Amino acid sequence: MDAVAADPPPGLLELERERRIGRIWVSTDEEDQPVGYLRLHIVDGAPHVEQVSVDPAHSRRGHGRALLEQAQHWATASGAHRMTLTTYRHVP
């Protein structure tokens, strides 16, 4: 995981581009503060979950599920027949 953790975060220009094209979503808490996000890229012609993260203090409250459902809705509306995601077995 060190190699992944060492990756620099995306820059503001990249995030703004993704926001403009509608492939990044943010989940908020009851006070409208951001607690999670999902970034969707297109890989081999299909939507691919590039990153989904939820603050551990807000986990197990449906934020990740809601983000994935939103990405699925976007993929379906875009005509995609599949969506991909990769993960690590040993990461909680």
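So, which residue stands opposite isoleucine 42 in E3? It's proline 47, and I'll walk you out from there.

Quick housekeeping. This is a predicted model, where local features need pLDDT of at least 70, side-chain atom pairs count only at pLDDT 80 or more, and totals for chains, interfaces and linings use all residues. Residues are numbered from 1 along each chain as its sequence is written, and side-chain values use heavy atoms, with hydrogens and water left out.

Okay, the overall picture. We've got three helices and four strands; those are DSSP runs numbered from the N terminus, helices being H or I of at least four residues and strands E of at least two. Reading from the N terminus, the order is α-α-β-β-β-α-β. The radius of gyration, taken over C-alpha atoms, is 14 Å, close to the 12 Å from the globule rule for 92 residues, so the protein is as compact as a globular protein of that length. That rule is 2.2 Å times the number of residues to the power 0.38. The C-alpha trace spans about 35 × 35 × 30 Å along its principal axes.

Now the strands, which I call paired if DSSP finds at least two bridges between them. E1, residues 24-28, runs antiparallel to E2 with five bridges, and isoleucine 24 has arginine 39 in E2 as its bridge partner. Five residues sit between the strands in that hairpin, and aspartate 32 there has a positive phi near 65°.

Next, E2 (residues 34-43) and E3 (residues 46-54) are antiparallel over eight bridges. Besides the pair I opened with, histidine 41 stands opposite histidine 48 in E3. This hairpin has two residues between its strands, with aspartate 44 at a positive phi near 50°.

Last bit: the surface. Val52, Leu68, Met83 and Leu85 make a nonpolar patch of about 280 Å². Areas are Shrake-Rupley with a 1.4 Å probe, and for residues only the protein chains shown count as cover. Methionine 83 is in the loop between H3 and E4.

Definitions and conventions: Patch = residues over 30% accessible without salt bridge, like charges linked within 9 Å, V, L, I, M, F, W, Y side chains within 5 Å. Salt bridge = Lys/Arg side-chain N within 4 Å of Asp/Glu carboxyl O.
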